Structure formats: C-alpha cells, structure tokens
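Try each task before you read its solution.

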Number of protein chains: 2
Amino acid sequence: MGASKLHIYSEEINQMATMAKVFAHPARLSILQYISKQDSCICNDIVDEIGLSQPTISQHLKVINEAGLLKGSFEGKSICYCLNVDRFQEFQSHLNTFFNTTASNCC
Amino acid sequence: MGASKLHIYSEEINQMATMAKVFAHPARLSILQYISKQDSCICNDIVDEIGLSQPTISQHLKVINEAGLLKGSFEGKSICYCLNVDRFQEFQSHLNTFFNTTASNCC
DNA sequence: ATGTAATATTGCAATATTACGATATTAAAA
DNA sequence: TTTTAATATCGTAATATTGCAATATTACAT
C-alpha cells in the first residue's frame with residue numbers, strides 16, 4: 001500500500017485536497033508570486049529568479065496550469081503566463097468556506 | 001535528487017507551503033471536519049468514521065497536531081482532541097494574505 | 001530549409017508520503 | 001497485579017513527488 005485511498009472521501013474533500021496541494025510546494029508559491037508581480041511572465045525568467053532548472057520549473061507550471069490557475073498567451077516563441085485571477089479567487093473562496101464552516105462548529 | 005530545495009525560498013514561503021501541506025490530504029481534511037463537528041473527539045471514533053487504520057489516523061493526527069491545530073485533553077484512557085481555533089484562524093489569515101497580495105498585483 | 005531560442009517531455013534517481021501490521025505504551029478497570 | 005481498551009510508535013512496502021540531464025518540440029529568424 002501507500003497511495004491515498006481517494007474513494008473513501010467525498011468529491012468535495014478530494015477537490016479541496018487537490019487545491020491545497022498546488023500551494024503545498026514553495027516553488028509553486030514562488031512562481032505564483034512572481035507571475036503576479038510581473039505584467040507578464042516567461043518561463044526562463046522564473047528559472048533565473050527561483051533557482052531551479054528549466055524542466056523543473058516547467059513541471060511546476062504544468063501543475064499550476066492544470067489546476068486552472070494560469071492564463072497563457074503566446075508572444076513569439078515565448079509564452080506569456082498570467083494568473084487566472086477568477087480561478088485564483090475561486091480557490092480562495094473555497095478554502096475560506098472550509099475554514100469558516102469547520103471553525104464555527106467547533107467546541 | 002528529489003527532495004525539495006527549501007533553502008532557496010524565503011522563510012515565509014516555506015511556512016506557507018508547510019501550512020498548505022496539512023490541508024493537502026483528504027484524510028486530514030476529513031479529520032479536521034470531523035473534529036469540529038463533535039464536542040470532543042476520540043481517535044478510534046475517527047477510525048470508524050473515515051475508514052483508515054488506527055495507525056494511519058494516528059499518523060495524520062500527528063501531522064495536524066505538529067502544525068499546532070489541535071488542543072488535546074486527556075479523559076481517562078482516551079484523548080479528547082479539539083480544534084485549536086485560534087491557530088486555525090491564524091492559518092486562514094496567512095493564506096488569505098497570500099491570496100490577496102498575489103491577486104492584487106496581477107496584470 | 002536551416003539555425004536558434006524558448007518551452008515541453010521523457011527517463012531516471014533521490015526523497016517523501018501514505019498505509020498498515022506488529023508491537024509498545026499508557027491508564028483505567030477488574 | 002493482571003487484564004483490557006485506547007492511542008502511539010516502529011518497520012516496511014507501495015506509491016507519489018521532486019529535480020535534473022538529455023532530448024523533443026515549437027515557432028520565429030536568417
């Protein structure tokens with residue numbers, strides 16, 4: 001054994017865990033922060049900024065992107081990544097709902 | 001290689017990632033929800049409720065506890081776990097700060 | 001078409017996480 | 001003191017994650 005037993009939890013809980021996982025690595029938090037600080041963002045910029053290899057950054061970007069947190073637009077041979085603010089705030093809202101409902105019930 | 005390169009990030013970012021990690025597993029989310037629903041909580045109750053073995057639950061409880069999210073009081077041979085609401089709300093507040101500052105800077 | 005720069009994918013090694021059986025610990029009960 | 005019930009820890013197997021070198025892809029420039 002070793003894998004998470006996802007089937008024993010509700011869909012809602014699993015989604016929440018998946019969302020949290022995106023934020024559970026400092027590289028991804030740094031990337032999100034960095035993207036938000038720029039007007040736009042090119043992957044190699046982040047490589048210089050953060051100090052991980054290009055493939056590793058690319059992999060983290062993929063995780064962030066698959067969570068729906070990026071909007072990308074092509075600019076010549078490079079890609080301009082932008083934060084999908086709507087989706088980002090959706091994440092925030094879901095997490096706050098979890099926090100609020102959980103805390104309010106407590107002894 | 002394979003381990004996270006924690007030294008290349010700021011203390012703040014690392015702390016945030018550590019916090020998110022607590023919420024990045026459905027079992028831990030379920031445990032937090034379950035604890036908050038009860039007045040008090042005994043580990044074996046959660047075992048029946050969630051469907052993981054007693055050692056596994058105990059391990060997850062340890063992670064949650066090490067994050068400072070539990071208040072425990074002994075009741076005979078069992079332990080009454082309670083959510084540390086103050087700490088919980090501290091988490092919420094930190095995460096919201098990250099979300100707000102990140103989103104507001106964005107293009 | 002060929003070269004070049006930017007990004008993605010593949011393959012793999014190192015490490016971390018998850019889960020559980022077996023066992024230890026703890027404290028009340030008999 | 002022995003038993004019993006609740007929880008923690010240990011050891012280990014399975015799986016996931018992280019990181020990077022090598023390579024592939026993509027799209028512009030020459």
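**Exercise 1: a buried ring and its partner**

B:F91 is buried, with a relative accessibility of 1%. Keep in mind that this is a predicted model.

Task: work out how the rings of B:F23 and B:F91 are arranged, and which parts of the chain the pair links.

Solution. Start with B:F23: its relative accessible area is 3%, so B:F23 is buried. Next, take the geometry: the ring centres of B:F23 and B:F91 are 5.9 Å apart, with planes at 65 degrees. Planes over 60 degrees apart count as edge-to-face, so the pair of B:F23 and B:F91 is edge-to-face.

**Exercise 2: a ring pair in chain A**

Task: classify the pair A:F23 and A:F88, then find the aromatic cluster that holds both.

Solution. Across all chains, the rule gives 12 aromatic pairs. For A:F23 and A:F88, the planes are at 50 degrees and the centres 6.3 Å apart, so the pair is tilted. A:F23 lies in the loop between α1 and α2 of chain A and A:F88 in helix α5 of chain A, so the pair ties together parts 65 residues apart in sequence. Both A:F23 and A:F88 are buried. Now widen the view: A:F23 and A:F88 form one aromatic cluster with A:F91, B:F98 and B:F99.

**Exercise 3: the interface**

Task: describe what chain A and chain B bury between them, and what chain A brings to the contact.

Solution. First count residues: 44 of chain A are in contact with 44 of chain B. The two chains bury about 3800 Å² between them, with 71% of it on carbon and sulfur atoms. Salt bridges between chain A and chain B number 0, while 9 residue pairs are in polar contact across the interface. On the chain A side, α1 (11-22), α2 (26-37), β2 (78-83) and α5 (85-104) each supply at least two residues. The largest share, 12 residues, comes from α5(A). By class, that side has 26 nonpolar, 14 polar and 4 charged residues.

**Exercise 4: a loop residue**

Task: is B:I42 buried, partly exposed or exposed?

Solution. Locate B:I42 in the loop between α2 (26-37) and α3 (43-50) of chain B. Its relative accessibility is 29%, so B:I42 counts as partly exposed. Then look beyond neighbours within four places in sequence: B:I42 is in contact with B:S78 and B:I79. The C-alpha atoms of B:I42 and B:Y81 are separated by 6.5 Å, although the two residues are 39 residues apart along the chain.

Note on methods: Residues numbered from 1 in each chain as written. Chains lettered and ligands numbered in written order. Predicted model: local features only at pLDDT ≥ 70, side-chain atom pairs only at ≥ 80, totals over all residues. Heavy atoms only, no water. Contact = heavy atoms within 4.5 Å. Buried area = accessible area lost by both parts, 1.4 Å probe. Salt bridge = Lys/Arg side-chain N within 4 Å of Asp/Glu carboxyl O. Polar contact = N/O pair within 3.5 Å; in protein donor to acceptor, adjacent residues only side chain to side chain. Helix = DSSP H or I, 4+ residues; strand = E, 2+ residues; numbered from the N terminus. Nonpolar A, V, L, I, M, F, W, Y, C, P; charged D, E, K, R; others polar. Buried < 20%, exposed > 50% of the residue type's maximum accessible area, 1.4 Å probe, protein only. Phe/Tyr/Trp six-rings, centres within 6.5 Å; stacked < 30°, edge-to-face > 60°.
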